[in-house]
Amino acid sequence: MSKAYEFDGKVKVIFDTVTFPSGFTKREFVVTEPGDRYPQDVKFNMIRENCALLDSFKPGDAVRVTFNLRGNLYKDKYYTDLQAFKIAKLEPDGSTAEPIAQPADDFPVDTLSDDDMPF
């Protein structure tokens, strides 16, 4: 299992989804790292069903991209991909805008007895 990395920046461009004859889909996007003297434009890609995750983003959005490093050999050349699997909008304080799941209160603990189990 590979290690996951995170990258914060602003979306610069989102490319259209490309579908190959095999049915494989891929979508690339570029995120610019802000705050550096020489900002870096970093290209990521999403594959298969993750391509749709980019539909709710637009250029200029502050995001946190979670990705894996992928590498392969093709025709005697080595290639490296930054394969993203998660993208989240960033709030001005640097936190993500993802909601935090709360436990369901369907069955209050103090009113249940062993005979009244909800399943």
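**View 1. Surroundings of Thr66.** Leaving aside neighbours within four places in sequence, Thr66 is in contact (heavy atoms within 4.5 Å) with Ala4, Tyr5, Glu6, Ala84, Phe85 and Lys86. The model is predicted, and local features need pLDDT of at least 70, side-chain atom pairs count only at pLDDT 80 or more, and totals for chains, interfaces and linings use all residues. Residues are numbered from 1 along each chain as its sequence is written, and side-chain values use heavy atoms, with hydrogens and water left out. Thr66 belongs to strand β5; strands (E, at least two residues) are DSSP runs numbered from the N terminus. Thr66 has a relative accessible area of 11% and is therefore buried (under 20% relative accessible area, 1.4 Å probe, protein chains only).

**View 2. The largest nonpolar core.** This core has 16 residues, and Phe29, Phe44, Val65 and Ile87 have the most contacts inside it. Two or more residues come from each of β1 (4-14), β3 (25-32), β4 (41-47), β5 (62-74) and β6 (77-89). A nonpolar core is a set of buried Ala, Val, Leu, Ile, Met, Phe, Trp, Tyr and Cys residues joined through side-chain atoms within 4.5 Å. In soluble globular proteins, nonpolar side chains tend to be buried together.

**View 3. Surroundings of Phe44.** Residues up to four places away in sequence are not counted here; Phe44 touches, among others, Phe7, Arg27, Phe29, Val65 and Leu82.

**View 4. Two loop residues with positive phi.** Arg48, in the loop between β4 and β5, is not a glycine, yet has a positive phi of about 50°. Lys75 lies in the loop between β5 and β6, and its phi is near 50°, also positive. Most residues other than glycine have a negative phi. Lys75 has 67% relative accessibility and therefore counts as exposed (over 50%).

Definitions and conventions
Helix = DSSP H or I, 4+ residues; strand = E, 2+ residues; numbered from the N terminus.
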